Each structure stands twice: as structure tokens, then as C-alpha cells.
Amino acid sequence: MSEFDHLQTDCSKCAALCCLVLTFDKGKDFAFDKNPGEPCRNLSGHKCSIHDKLEPKGFSGCVSYDCLGAGNRVIQEVFGGRTWQADSRLIRVMMEAFSAMCEVHKRIDRLRAAETFSLKPRDAQTCREFLAHLEQHRWSGPELNEFEVGLALEIDMFFYGIIDHLPPAVAEEILAQ
Ligand code: SF4
């Protein structure tokens with residue numbers, strides 16, 4: 001693992017990407033409907049105006065959500081600290097980058113879980129190489145756009161090949177895809 005843990009979410013270095021990108025339906029976890037790309041009406045700048053009272057206000061879904069550091073990495077690494085609030089032309093590309101980075105970080109999480117189990121030496125080496133690439137690479141928007149149709153599929157094929165050696169929760173997640 002690198003010195004800085006990419007899976008560590010730091011909302012102070014993000015620009016409320018989850019509150020822009022994600023969709024939710026009114027129900028037990030959310031108090032109203034929100035479409036993808038629609039800034040949540042509880043947003044005030046980059047901050048949630050009801051952050052301290054999410055559950056009583058009917059937003060327990062926000063409490064349980066964790067982007068696994070994808071949001072802060074997109075804003076800092078891909079967009080150099082720029083925000084969609086300051087430049088609305090960035091909304092679409094930031095949404096795409098956030099969705100793809102979530103997929104990158106989901107696979108980092110799974111590869112780390114796989115690494116803790118006894119894999120054949122060759123599989124353990126492949127696992128380490130994938131992890132090193134996903135963590136150390138400085139992603140650009142176009143590279144992220146390619147991720148799901150390229151490297152993500154390669155990693156998923158690797159997972160299918162070692163599925164019997166994976167932690168049950170990780171194996172279930174992969175099989176449910
Ligand atoms: S309620 Fe707050 S944390 Fe949840 S999406 Fe809206 S602004 Fe974000």
C-alpha cells in the first residue's frame with residue numbers, strides 16, 4: 001500500500017461529487033428524489049447544510065455511503081482542485097470521472113481483500129501488479145473513461161480465475177455483477 005491510502009475518503013478535498021452525481025429515490029433512506037447530475041438541494045457550496053442531522057432529516061442513505069476516496073482523488077488528481085461549482089462546464093466530465101474512479105477504487109478494495117488470502121505465487125504477483133497500477137497511476141479523464149472497457153475487465157477476469165480463493169463477501173460481490 002502506498003504511504004497515502006487512496007481508499008481514505010476526505011470530503012474536505014472533494015467538491016461534493018456524490019451529492020451531485022448520485023441518484024436516489026424518496027424512501028426510508030432519503031427524504032426526496034434526486035436525479036443524477038442534479039445538485040442536492042441540501043448542498044450549500046461544497047458542504048451539506050444538514051450534515052449534523054442527516055438521520056433525523058431522513059437521509060440515513062448519505063450516512064452509510066462511502067465513495068472510498070474516489071471523490072477527493074478525482075478533484076485533486078484529475079482536475080487539480082477545480083470544482084463544478086466554479087465552472088459548470090466541468091459537470092459532465094467530473095460526473096464521468098467520479099463514476100469511473102469509484103470503479104477503480106472498488107477494485108482496489110477487492111484486490112486488497114484478495115491479497116490477504118493465500119493465492120498461488122503467480123496470482124499473488126498479478127494481484128500486486130494490478131494494485132500497484134491502480135494506486136500509483138495518476139489518472140486522466142480520458143484514461144478513466146477507458147477503464148471500464150479495458151483494465152477493469154482484465155481485473156474482473158483475474159477475479160473469476162481465483163474466485164475459489166477469495167473471501168466469500170468479495171466472491172459474492174463479483175458473482176452478483
Ligand atoms: S443530504 Fe447532504 S450529504 Fe446527502 S446528498 Fe444532500 S447534500 Fe449530500
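Student: Which pattern does the protein chain follow when read along the sequence?
Tutor: The model is a predicted one. Its secondary structure comes to eight helices and two strands. Read along the sequence, the protein chain follows the pattern α-β-β-α-α-α-α-α-α-α.

Student: How does the radius of gyration of the protein chain stand against the globule rule?
Tutor: For 177 residues the globule rule gives 16 Å, and the radius of gyration of the chain is close to that value. The chain is therefore as compact as a globular protein of that length, with a radius of gyration of 17 Å.

Student: What share of the residues of the protein chain count as buried?
Tutor: A residue is buried if 20 or more other C-beta atoms lie within 10 Å of its own. Of the 177 residues of the protein chain, the share that count as buried is 24%.

Student: Is A16 buried or exposed?
Tutor: A16 is placed in the segment before α1 (17-21). Its phi is near 55°, a positive value in a residue other than glycine. Most residues other than glycine have a negative phi. Because A16 has 21 C-beta neighbours inside 10 Å, A16 counts as buried.

Student: Where does L68 lie?
Tutor: L68 has a positive phi of about 55°, although it is not a glycine. With 17 other C-beta atoms within 10 Å, L68 is partly exposed. Its place is the loop between α2 (60-64) and α3 (70-78).

Student: At what angle do the axes of helix α4 and helix α5 cross?
Tutor: Two packed helices are described by the angle between their axes and the distance between the axes. Helix α4 covers residues 91-115 and helix α5 covers residues 121-136. Their axes come within 10 Å and cross at roughly 145°.

Student: Which residues are around the ligand?
Tutor: The shell around the ligand divides into seven nonpolar residues, one polar and no charged. The residues around the ligand are C19, C40, N42, L43, C48, I50, F59 and C62.

Notes: Residues numbered from 1 in each chain as written. Predicted model: local features only at pLDDT ≥ 70, side-chain atom pairs only at ≥ 80, totals over all residues. Helix = DSSP H or I, 4+ residues; strand = E, 2+ residues; numbered from the N terminus. Rg over C-alpha atoms; globule rule 2.2 N^0.38 Å. Buried ≥ 20, exposed ≤ 12 C-beta atoms within 10 Å, placed from the backbone. Near = placed C-beta within 6 Å. Nonpolar A, V, L, I, M, F, W, Y, C, P; charged D, E, K, R; others polar. Axes fitted to C-alpha atoms, helices over the stretch in contact; angles between N-to-C directions.
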